[in-house]
Every structure is written in C-alpha cells, then in structure tokens.
Amino acid sequence: MMMSKIVRTISNISVLLVFIFGLYLVMHGHVTPGGGFQGGAVLASGAAMIIVAFGSYNVQKRLKEHHLSILESSGGLIFIGLAFGGLATIFFYNFLVGSPIFGHIPPSGPNPGDVWTGGVIPLMNIAVGLKVLAGLSAIVLVMALASSGIEVEE
Amino acid sequence: MRKTAAAISLGIVIAFLVAAAFLIHPFGYPPSAMDDYMIQNAQSETGTNNVVASVVFDYRGYDTLGEATILFTAVTGVVMLFRARKKGEK
C-alpha cells in the first residue's frame, strides 16, 4: 500500500540525508563515536522509511529478500575473514597497522583525527555495517510483505 | 531429600552474593590494570583514536563476533517464520 504523494516526496528527499549520515557513521567509526552497528541501524532505518512510504509491494520488485540475505552473509564472512587474517599472531590480531592500507598511526593523546588509521578496524566496521543494514532491512521487508498478505514465490 | 539439597545450594548462592556485595572494590577504583593499559596503548597499538572501537573490534573481537552471530540467527529466524509457502506445502 502506497502512502500519499506528500509522504513519498518528503521521504524521497530525506532518505538521501539519512543514508549520508549512516555512511558517515560507518566510515568514521574508528575516529568519532559510532561504528558499524550504529551506522548500519541508521541505514536500515532509511530503508524502512522507503518501505513504509512506497509500500512493500513496490519495493520488492526492485529489492529481493534473498539479495539482502546474500549481502548479510557476505558481510559476516568478510568480518570473520579479517579476524582470521591476523591468525599468524592471534585471532583478531590487528595485522594492518603500519601497512599501506589504513596504516597511519596517530600520535597518542588528543589529535585532529585521521581517517586513514586503524588498520583492520575500518574494514570490520564496513563489514558489520553491511551486515546490519542487510539484516534489519530483510527483517522489515519480510514482515511488511507478510502483513500486507502478498505471497512471494521463493 | 531434594528440599534439603535445594536449601543447601540456595544458601551457598546467597552466601556468594553477600560476600561479593561486601568484597567489591570501592566505587571508581580501577579493579585491574586492564583499562589503564587500553587507555595508554590503544592509539599506538591499533591506530584508532576511538578507544571504544579498538576495544570492540580488536581487544574484545570475540564479543563482536557473538553479537554478529546473534543478529544472523535473529534474521534467519524471522525470515524462516515469515517466508512464503510453496504451493501444496502446509
């Protein structure tokens, strides 16, 4: 069921701001407060807004549930793979500190902050953000489809 | 017999709880050197300004792995509950 044109227009505009804020939270999770879980929840709230405004029937033509499930599983696999990457020292060892990828080391104490730091932590933030976004969006989409009585063939 | 065993085990649990309430560290006192170590070394070891992120994703990575597993299980359960049935399936 689609909502009125006012709601659709407003959510079309504001979903961009929601997605930008969520991506900011995910990408700066190792510098400022935030992180993968919080940013992924913000992104999933944007997806929930689109589903509520445009109706689950119109959304599921473009956004299938099994695609979201694949995204969620790949996020989890990236997270575990990064954890296994440090297995030469110990599980969950941060093996990218000092390397060319996210390898800057900030001075201890207060400093202006640098996005290109953190080693494996920003990549884990991205993986967890992908996982939370896909998982919560899949929950909202499946519940909306079930409550509107649409039968989707598997 | 069972009531006696239950009473004895309950008494042991209550004794541990009371002892824990009286033997706890005073408020604000660092109970171990762990938090001081993280505050001192998190920036040089993991390269993150956000010490909370370094704890969540590096020092306590197992905990985050468990959280991700919980989310995965929840999503699996919800999708399994609300999935569309095939024709002829009850």
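This is a predicted model: local features need pLDDT of at least 70, side-chain atom pairs count only at pLDDT 80 or more; totals for chains, interfaces and linings use all residues.
Modeller: Start with α4(A). At 1.5 Å a residue, its 21 residues should span 30 Å, and its end C-alpha atoms are 30 Å apart, which agrees.

Biologist: What makes residues of α4(A) count as buried?

Modeller: A buried residue has 20 or more other C-beta atoms within 10 Å of its own. In α4(A), E65(A), L68(A), E72(A), G75(A), G76(A), F79(A), L82(A) and A83(A) are buried.

Biologist: How do you know that the buried residues line one face of α4(A)?

Modeller: Look down the axis of α4(A). The buried residues fall within an arc of 125°, so they line one face of the helix.

Biologist: Which residues sit on the face of α4(A) turned away from its buried side?

Modeller: H66(A), H67(A), I70(A), L77(A), G81(A) and F84(A). They are called exposed, and the cut-off for that is 12 or fewer C-beta atoms.

Biologist: What covers the buried residues of α4(A)?

Modeller: The cover includes α5 of chain A and α4 of chain B.

Biologist: Now α4(B). How does its reach compare with the expected length?

Modeller: α4(B) has 22 residues. From first C-alpha to last it reaches 32 Å, close to the 32 Å expected at 1.5 Å a residue.

Biologist: Which residues of α4(B) are buried?

Modeller: G61(B), T64(B), A68(B), L71(B), V75(B) and V79(B). They cover an arc of only 80° around the axis, which puts them on the same side of α4(B). They pack against α4 and α5 of chain A, together with α3 of chain B. On the other side of α4(B), the exposed residues include Y62(B), D63(B) and T73(B).

Biologist: What makes a set of residues a nonpolar core?

Modeller: Its members are buried, and they are joined through C-beta atoms within 7 Å. The largest such core here has 45 residues. M124(A), A127(A), A138(A) and L141(A) have the most contacts inside it. α5(A) gives the most to this core, with 18 residues.

Biologist: Which residues does A127(A) contact, leaving aside neighbours within four places in sequence?

Modeller: G75(A), I78(A), F79(A) and L82(A).

Biologist: How many residues are in contact between chain A and chain B?

Modeller: 39 residues of chain A are in contact with 25 residues of chain B. On the chain A side, α5(A) gives the most, with 11 residues. By class, that side has 18 nonpolar, 15 polar and six charged residues.

Definitions and conventions
Residues are numbered from 1 along each chain as its sequence is written. Chains are lettered from A and ligands numbered from 1 in the order in which they are written. Two residues are in contact if their C-beta atoms, placed from the backbone, lie within 7 Å. Helices (H or I, at least four residues) and strands (E, at least two) are DSSP runs, numbered from the N terminus. Ala, Val, Leu, Ile, Met, Phe, Trp, Tyr, Cys and Pro count as nonpolar, Asp, Glu, Lys and Arg as charged, and the others, Gly among them, as polar. The expected span of a helix is 1.5 Å times one less than its number of residues. The arc is that of the directions from the helix axis to the C-beta atoms.
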